[in-house]
Amino acid sequence: MIELKNVERSYKAGHTETWVLRRIELTIKEGEFVTVMGPSGAGKSSLLNVLALLDDGWLGEYWFDETPAHKFNRKQRADLARQRIGMVFQSYHLLDDLTVAENIDLPLSYKNLPAKERQGMVADILDRFRIVAKKDLFPSQLSGGQQQLVGIARAVVHAPKLLLADEPTGNLHSTQAREIMELFRELNRQGTTIVQVTHSEENARYGKRILELHDGWLTRDETLEAKATEVSAK
Amino acid sequence: MRSIFQDMRYALRQLRRAPGFTATAVLTLALGLGASSTIFCLMDGLWLHPMRVPHPGQIVRIFGTTPQKQEGAFNYTEYQALAQRVNAFQGASAGLVAIGGRGSLMPRPDGTSSLLLTNVVSSNFFAVLGVHPLMGRVFTAQDAERLRTHPGVVLGYHCWQKEFASDPNIVGRQIALRHGKDHVSQVDVWGVLPSTFREIDPDSDRDLWMPAESWAAVRDAKELTSRDFRWFNLLGRLAPGATVRQANDQVATVAGTFAAADPSSNHGRGARAISDFSYRMSQAGTSGLVLFAIVGGVVLLAIVNVAHLLLARALVRAPEIALRLSLGARRWVVARQLLIENLMLAALGLTAGLGLAAALAAVLPHLLVREPAMLASYGSGVHFQLDTRVFFFASLLALVTMLLLSLVPLSQVARAALLPALGAGAATRTAGRTPMVRRAAVWLQIGISFALLVSTGALVRSFLNTRTQSIGLTRNQVLVAWTQGPDAPVRDTVLTNLRALSGVQSVAYGIRSPLMPSEGGIAAKVLLPSHPELHEPVEIKFNAVSSGFLDVTGTRVVLGRGITAADDAGGPVVVLINQSMAQKYWPGQNPIGQVVRLANGAVDARVVGVTENAPIIQIGEIPEPYLYVPFQQCESKLSNMGEIAFVLETRQNAMSMAQDVRQALIHVNPLLDPMMVTSLPELIRYSAGNYQMMAELVSALGLIGLALTVVGLYGFLAFRVTQRRREIGIRMALGASREATVSLVLLDTMRMAAIGLTIGVGLAFAAARFESAVLFGVRPLDALSLAVALVILAAAVAAAAWLPARRAASIEPMQALRTE
């Protein structure tokens with residue numbers, strides 16, 4: 001589904017150039033649940049931003065479903081991301097002055113869908129995530145876990161093939177974190193490819209594969225089929 | 001005290017650290033304060049500045065009243081009666097003085113004469129007002145008897161400079177004054193007035209000050225004894241404890257006795273007293289009100305702009321304030337610190353504003369339309385000074401501005417919360433909705449700017465109309481020469497000589513030219529036999545004109561015929577009336593053939609024609625009934641007028657012939673040296689001067705207002721985009737295109753602009769109620785002015801929004817969302 005070939009990313013500050021991603025070679029198959037780990041500053045979020053097509057400054061090749069994203073201009077990349085990718089953020093990033101339903105509707109509003117169809121999709125996702133009762137509340141009226149639930153609902157409302165999550169449980173306590181991770185697993189089972197960035201070993205075990213980055217280098221790529229089952233069994 | 005100095009040092013450091021903020025705030029305040037100070041300076045110079053005499057607050061003005069007129073003059077007999085019987089005034093002769101304007105001719109060695117503008121005053125004038133001479137002495141009430149036998153004058157400062165080359169030995173000398181064609185009198189120079197005392201009204205400067213007793217001796221005493229010569233304005237100085245109201249009651253009571261004693265002459269006449277300040281305010285009238293309202297709008301725009309800046313700065317400084325509070329600072333100490341910063345901004349703004357005002361005040365005299373070109377002087381314009389009054393006005397405004405702006409830091413400190421500002425959440429929250437007060441400020445800015453633009457459009461079109469619309473006068477080149485009236489044979493010679501000048505197309509004459517700066521035109525008492533209900537004669541202004549006069553001045557005859565050469569002294573007396581008179585006295589009827597009884601019933605004149613309404617004193621005046629009488633019939637049957645105005649239609653620029661015409665008149669007789677030579681286009685231009693000044697000033701203020709709005713709106717939107725950076729990042733991460741982001745900002749702006757425009761239309765409607773009085777040929781809310789204002793404002797709003805919208809579209813979501 002995703003193939004990165006020799007992807008590099010650096011930032012220039014004056015005469016100094018700092019590399020955050022070095023010669024990344026990576027293939028992610030459809031239906032995978034990948035966890036990206038590594039110490040702070042290792043390049044995890046940078047990799048996620050490249051995958052999300054939010055970043056334009058990288059070099060190399062990026063194939064998405066046989067489509068050469070690296071040859072696209074900014075607008076074409078944005079179109080591709082809008083159609084195929086969903087994003088979940090550590091800080092939820094809900095808009096304070098929009099209700100839960102309006103927040104979930106936000107990505108749909110950028111896709112030129114008829115209003116009625118959008119309403120139906122939002123109603124479905126509210127129902128699926130069991131947050132219908134909260135649809136008219138504002139983010140400030142929700143707990144952290146509930147806010148992240150809305151964040152995930154917003155990320156998957158347009159049924160993306162790839163869901164990217166940057167420290168999705170970083171601001172949540174353990175019970176809420178487990179609920180969110182279960183939700184990710186369920187989404188993965190239903191066919192959504194997931195790439196998450198986390199520091200948590202426990203969260204990592206919900207995935208099927210672990211990537212580890214150090215100073216921009218991909219230093220580990222390990223499949224965890226059995227361990228994931230163990231976590232599930234617990 | 002020490003901590004205040006510390007606060008001041010810290011405030012200076014803070015302002016230095018944010019040079020962009022400081023410069024924008026100071027410049028904005030300077031524009032607001034500078035523009036308003038300049039307008040105050042102008043209004044003060046034109047209308048508001050009190051008379052330059054001691055205790056000007058005690059001065060009241062007394063006016064004669066009739067049902068038609070509330071600011072009439074008195075004859076000298078009435079003045080004397082009032083002076084004797086009213087005790088609300090202090091000083092000599094009851095503290096009441098009389099002043100009337102006249103002209104005197106001072107012969108030159110070559111036989112020509114200088115026209116000296118003369119104020120004929122009661123002998124107690126200078127003592128009551130407290131005016132002291134620069135040299136020599138001024139006359140007093142005790143000198144009255146002597147002045148009858150030994151006429152004397154006091155010179156105005158500029159007359160002393162101009163006519164006598166500032167001769168230090170002028171006091172005690174005699175000067176000659178010519179009266180009529182043959183009579184020359186010698187008058188003693190008593191003294192010279194200081195340059196600070198020019199006149200009781202600001203836009204005039206008289207050459208000679210002559211006591212009434214001397215005027216009676218050297219000129220026609222009838223002008224002081226006849227009841228029909230009402231040409232004296234009265235001023236009084238209130239006695240200690242007396243009020244304007246008491247003075248008003250007393251003068252009204254005394255005036256009532258005039259009517260009772262002589263009902264035929266004084267029917268309906270009364271008197272009233274108002275303070276000099278009220279009088280000046282009424283002179284400022286609608287023009288002053290409109291100017292001040294517009295200045296108020298500009299100042300408000302400046303205040304709102306700076307408030308925006310302070311609010312934006314408040315958000316930036318929220319963590320610092322929270323930190324100070326969390327470290328134990330008392331809220332009032334933090335508030336004091338912020339107030340001192342505001343005070344320093346206001347002080348810097350005031351200094352820069354006064355500098356700007358000083359520069360603009362130097363330009364002000366050029367904004368006023370220059371008086372018509374003349375060979376003899378006629379008034380000398382207004383002086384504008386940035387004096388202490390302007391300084392106090394600007395300081396007061398700066399203080400009010402600062403107090404209003406203080407609400408920002410005070411509310412900031414009062415509401416400052418510690419945790420949200422300091423905590424991690426501060427970084428992750430989106431901006432949310434802009435507080436209502438800030439949005440309302442933007443609406444108000446757009447609204448004020450729109451109303452300003454509508455007013456500007458209306459006033460500019462009004463001024464253009466004075467240049468282009470039909471006004472009942474020709475816009476062709478017509479020269480006007482005003483001189484002593486020659487006898488008929490001499491007049492014929494003059495006409496022959498003037499017609500012989502190359503470039504002259506046609507020549508005519510009348511008592512006066514339209515728009516000549518005379519005081520109200522000449523009025524006749526008229527009876528109308530077709531209106532028996534009018535028991536008393538009505539006063540109607542008139543002009544006595546030769547055949548061809550109406551053709552040369554471009555006043556069309558719309559019914560009947562004009563005045564011809566056949567309307568001479570021997571022919572039946574005829575008269576032309578204007579449309580206003582026809583509509584007033586013969587509505588829906590043909591006025592041709594109606595009788596107008598002139599000269600207190602002695603002469604019956606038949607109406608032979610109706611002219612269109614032409615302005616008499618100034619462009620834009622409300623048309624009033626007016627008569628045109630054949631000059632020769634007026635001369636033989638009504639009265640022999642002293643002066644005459646020749647009007648010459650020329651093939652070239654009229655003013656280029658001024659010297660030729662002057663020489664032609666002097667050639668016939670040096671006494672015919674014109675007192676004034678000008679052209680009709682000059683008179684029209686001068687008469688429309690008020691429209692021009694208003695259009696220029698309001699355009700400048702409108703532009704300043706628009707600039708402030710664009711800067712304010714840009715600042716608001718730019719800050720708003722910065723505030724919404726995270727939100728925009730989220731939206732873009734969720735799929736918003738760059739076009740959608742631009743639309744987001746533009747739509748937000750358009751919503752605010754729509755509400756602002758609604759407020760603006762309301763303000764424009766409110767302003768229209770006042771503006772109609774100062775407009776010429778245009779309604780204050782016409783579709784074109786509204787449409788032009790809308791287009792300009794839309795362009796300005798779009799310009800202000802474009803950069804912030806582009807900046808919003810260029811936000812990199814990845815960077816905006818980075819929270820680590």
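Chain A of this predicted model contains eight helices and 10 strands, where helices (H or I, at least four residues) and strands (E, at least two) are DSSP runs numbered from the N terminus. Its radius of gyration, taken over C-alpha atoms, is 18 Å, close to the 17 Å that the globule rule gives for 234 residues, so chain A is as compact as a globular protein of that length; the rule itself is 2.2 Å times the number of residues to the power 0.38. Along the principal axes, the C-alpha atoms of chain A fill a box of roughly 50 × 45 × 35 Å.

Of the 234 residues in chain A, 53% are buried, that is, under 20% relative accessible area with a 1.4 Å probe, protein chains only. Among the contacts in chain A with a separation of 6 or more, 69% are between residues 24 or more positions apart, a contact meaning heavy atoms within 4.5 Å.

Turning to the interface, 21 residues of chain A are in contact with 23 residues of chain B. The two chains bury about 2,000 Å² between them, with 58% of it on carbon and sulfur atoms; buried area is the accessible area (1.4 Å probe) that two parts lose on being put together, summed over both. Leu54(A), His93(A) and Tyr110(A) supply 29% of the area that chain A buries against chain B, more than any other three residues.

Residues are numbered from 1 along each chain as its sequence is written, and chains are lettered from A and ligands numbered from 1 in the order in which they are written. Local features need pLDDT of at least 70 and side-chain atom pairs count only at pLDDT 80 or more, whereas totals for chains, interfaces and linings use all residues, and side-chain values use heavy atoms, with hydrogens and water left out.

Conventions. Buried means under 20% relative accessible area, exposed over 50%, partly exposed in between (1.4 Å probe, protein chains only).
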